[in-house]
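Hello,

Here is the structure you were going to look at. My notes on it follow below.

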Amino acid sequence: MRLVLTSVSGGATTEHALESGSLSLGRDEGCDVRFDAALPQVSRRHARIDATPEGFRLTDLGSTNGTLINREPVTDRLLRSGDVVQFGPDGPRLAVRIEGGRPAAPRPATRLAPTPAPSTLADQALYDPTRDKGRRYASGPIGLIAGMLALGGVLGLLVLMGVTFELGLGPALLGTSVAFFPAPFYLALWLWLDRYDPEPAWILAGCLFWGAGAATFLAGIVNDVFGATVFSLTHSKSLAQLLAGSVSAPLAEEAAKGLAVLLIYLVLRQEFDGVLDGIVYAGVVALGFAAVENVLYYGRVVAKEGAPGLAIVFFLRGVLGPFSHAVFTSMTGIGCGLARVSHQPLVRLLAPVGGYLGAAALHSAWNTMASLAGAGFLLLYVLVWVPLFIAFMAAVVAMGTRESRLVQRMLAREVDVGLLTTDDLARLGSWPRRIGWLLAAVGDARRLSARRRFLYAASRLALSYWHVERAAQAGGVTMSLGQIPLFRRELERLAPQV
């Protein structure tokens, strides 16, 4: 067989032929089919065509803009006569002609052995779980999270110093202990929701620090100024407190918390896959905020009423409403998540705004309800808040189940070509089986590490396929297209180690 590539458009050499071996395509000087350096759609090493017993196979090499065949995004596909290969959605095109061709034979349904590759995940500066994840990101994302950590840490320290100055060391320490002791248990639930595709720990740390420090500090200033302004106009302390709780606090606090979610959505889109990720980021920000806010509430009641008062307030805030802030801010996360998965410009613009308004409305309703004393609050809590929280958690669990099915659907194709086994596929879609598989390797550090990386790479591969599917439906191309062959090679490399 003989493959002939003919330039349809763009600055490639007029014609290239291949009978055996391979052809590399890109802007790099070492490429066999070299494109003009002025073509931004073509990566330096964009794709490769290999002559195999099956036929001529094209593989995308992690290109920035993706490779298309007959206007369909691909990462790895056999070529046929009449195909048109395009480099990026508006890049140069090559026509394919195969002389003496024959139908391609199906690939065996057994696990593939590792195959040599000209590039690895580390070479492409994408995901490599064995190295520092920071290599994957540009200075903007790293600077954002570093800023969130630094600003959150400094402002959080100022808040705690202010509480200590106001209440004294003893009440402040006791309030801090009671507020932060249950925080890891609350946080564990939110991390469990993200079990199939865990978000990077350094980004979650940035969210936690922002919520605990920056959001509490900034919202506290706005609330204090608002309350003082209302009091100076009305000379009514009770009215100032009511309006601060029902109007100022919801708007200011949800804006301060939601800002972190919005920035991650805008700057770290590769780690923001959809609604569930939005809920996770929002929940972590809110749990940090709630922990520091509780320090103030617990410390004040200890200073005034001692242990009995602390028990009552802990019951109201730590037992009846530990996830209230997380639920509020999750509305903003849902809005950003809807914007992330939508291809409609209007939805991308309005969904985050609608999410923020929903967060502020829920927050206002909770604070207004909490201003009622005694049986009135408990009655509304049982009739309104409990059903609302149950509905919210049911929806979140349903999204987790949907993600499990999505992983299995997207990776079913890898069973057909032998990259994964049927047992792998069943395991990847079941959280208990994933955990059991990891626990079975405890005592063998290398195997445990390989299994952990195998699960993560498989999950990222499934989501990359999903991104490509959604982009194709919208007639576009996603950067996830270039990551697919890299994750596939990562799974090939890890398979013998697991």
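Arg 71 is exposed because its relative accessibility is 60% (exposed means over 50% relative accessible area, buried under 20%, partly exposed in between; 1.4 Å probe, protein chains only). The model is predicted: local features need pLDDT of at least 70 and side-chain atom pairs pLDDT 80 or more, while totals for chains, interfaces and linings use all residues. Residues are numbered from 1 along each chain as its sequence is written, and side-chain values use heavy atoms, without hydrogens and water.

Arg 71 sits in the loop between S7 and S8 (strands are DSSP E runs of at least two residues, helices H or I runs of at least four, numbered from the N terminus). Its phi is positive, near 70 degrees, though the residue is not glycine. Asn 70 lies in the loop between strand S7 (67–69) and strand S8 (72–74) and has a positive phi of about 55 degrees. Most residues other than glycine have a negative phi. Asn 70 counts as partly exposed, at 39% relative accessibility.

The largest nonpolar core has 29 residues, and Leu 461 and Phe 454 are among those with the most contacts inside it (such a core is a set of buried Ala, Val, Leu, Ile, Met, Phe, Trp, Tyr and Cys residues joined through side-chain atoms within 4.5 Å). H9 (375–416), H10 (422–428), H11 (431–439), H12 (445–473) and H13 (480–494) are helices that each supply at least two of its residues. The largest share, 11 residues, comes from H12. Another core, of 28 residues, lies apart from it and includes Trp 210 and Ala 252.

Regards
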